[in-house]
Amino acid sequence: MFAAFIKPVRREFLFTFIAVSIALAFGRWWGFDGGLWTWGGLIFSGLLFVDAGHNWPTLHALDVPARRWAGGALTTALLWSIVMAAIAATSALIMQRNSPYYTWYDWFVNTDGPVTHLDTNDAEYVLPDMGITAASVAWTYLILVSAFLIFTITGLAVGISLRRWPQLLTMGISGVVALALLIAVTIYLSWTAYQRAENPDVVFPIMLESWQRFLLVLVVGAAPAIAGWWAIRRSLRNPWA
């Protein structure tokens, strides 16, 4: 099952796996906002699956069973998402533990409960809702797994639809809208996290708890996911139409 999907792009998968893993694990320690490295990992994961999906018509011509190829593709997307989410979550949560202010720069990190921190004079002070608990770790991981799944499956659908303009247009519109919404929400929540830390008594019109962030990712990703499933089913039946 895996061989039918991965074999034609095994070198691309190996190179991208190594590069994205290193970037997710260590990039945020080197520079830039931590969330930008997560976004980079999501985008390059999606592009990898675009390349892999683009091979389906050729494999179909070689009599590769559609069910076996699709099963390998979806299983690979799931395993890829599980591993990449684990790497990104571990790196980001370690940074959050070292500095409670890290959440300002990475919307994917969920925090919960108060945490003490030292100021420049080594005096302790309390930051509300910027700590790490088992629940915040779980929500962070679930959000990242969902995000990687959305990007990989959408990428797969785009790749498999490159010869079918109606499907490609549908995927393009739904993907761009979903990506724009996620970026807008990311910017807003990072800004509110900063403002809440500076002014704990300020009430914002939209405040999202961890489970609401997870639900938001699912809702925003529903459009490209549904369009992707439709594109994949149609292309598997007739990849050249």
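This is a predicted model: local features need pLDDT of at least 70, side-chain atom pairs count only at pLDDT 80 or more; totals for chains, interfaces and linings use all residues.
Local features were considered at pLDDT of at least 70 and side-chain atom pairs at pLDDT 80 or more, whereas totals for chains, interfaces and linings use all residues. Residues are numbered from 1 along each chain, and side-chain values use heavy atoms, without hydrogens and water.

Helix 2 comprises residues 10-30, helices being DSSP runs (H or I, at least four residues) and strands likewise (E, at least two), numbered from the N terminus. Phe 32, with a positive phi near 70°, follows the helix.

Residues of helix 2 that are buried (under 20% relative accessible area; exposed, over 50%; partly exposed in between; 1.4 Å probe, protein chains only) include Phe 13, Val 20 and Arg 28. Phe 26, also in helix 2, counts as exposed because its relative accessibility is 56%.

One salt bridge was found in the whole structure, defined as a side-chain nitrogen of Lys or Arg within 4 Å of a carboxyl oxygen of Asp or Glu. Arg 28 and Asp 106 form a salt bridge at 3.0 Å, N to O. This pair joins helix 2 to the loop between helix 5 and strand 1 (115-118), 78 residues apart. Arg 28 is buried at 3% relative accessible area, and Asp 106 is buried at 1%.

Notes: The expected span of a helix is 1.5 Å times one less than its number of residues.
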